[in-house]
Amino acid sequence: MPRPSLEVADIFRGHGPAWRRANAGHVSLGQLKVMSAIENCRTAALGGHVARCEECAHSQISYNSCRNRHCPKCQGAAAKEWLAAREADLLPVPYYHVVFTLPAAISAPRRRFCRSQSAERSLHTLDRFPHKRSTDLGDRPPTPKSP
Ligand SMILES: [Zn+2]
């Protein structure tokens, strides 16, 4: 895959130090570590190895990856694979994204119950389609965690 002309790492390397100074005290240590990992990913800072052709003596340097889960270089391919797998699960019908807010009077346990009921109803609806049963989509979705 060709390297994009501008990467997040380029922006972090070019503007990260000034941004860190301007936001000192407002950025967590974890966020600073992510920025540092992205800046150093696939550079000499993380080391690497040299592959050399014994016939023509051509050599190529490959720098190590940061493997940080927030790094677009390291996780970009995995994200694309995950998205392609989810797209393969889609039914050939129009989809709608519905967002609604539950009343504040509903307590957290009640919200969990409503969510699990929604998941059950969705699976029940899918089971009504003979060509694509919910069991074909894998196991039932995990019980939603409390907010
Ligand atoms: Zn990385």
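Visitor: Which way does helix 1 pass helix 2, left-handed or right-handed?
Guide: Helix 1 passes helix 2 in a left-handed crossing, meaning that the near helix is turned anticlockwise from the far one by less than a right angle, whereas clockwise would be right-handed. This is a predicted model, in which local features need pLDDT of at least 70, side-chain atom pairs count only at pLDDT 80 or more, and totals for chains, interfaces and linings use all residues. Residues are numbered from 1 along each chain as its sequence is written.

Visitor: And which residues meet there?
Guide: From helix 1, Val 8, Ala 9, Phe 12, Arg 13, Gly 16 and Arg 20 meet Leu 32, Met 35, Ile 38 and Glu 39 of helix 2, a contact being two C-beta atoms, placed from the backbone, within 7 Å. By class, that contact has 6 nonpolar, 1 polar and 3 charged residues.

Visitor: OK, which residues of helix 2 are buried?
Guide: Met 35, Ala 37, Ile 38, Glu 39 and Asn 40 are buried, that is, with 20 or more other C-beta atoms within 10 Å of their own, where 12 or fewer would count as exposed and anything in between as partly exposed. The buried residues of helix 2 pack against helix 1 (8-22).

Visitor: What follows helix 2?
Guide: Helix 2 is followed by Arg 42, whose phi is positive, near 55°.

Visitor: Switching to Ser 59: buried or exposed, and why?
Guide: Ser 59 is exposed, because 9 other C-beta atoms lie within 10 Å. Ser 59 lies in strand 2 (residues 59-63) and, leaving aside neighbours within four places in sequence, is in contact with Val 50, Ala 51 and Arg 52.

Terms used
Helix = DSSP H or I, 4+ residues; strand = E, 2+ residues; numbered from the N terminus. Nonpolar A, V, L, I, M, F, W, Y, C, P; charged D, E, K, R; others polar.
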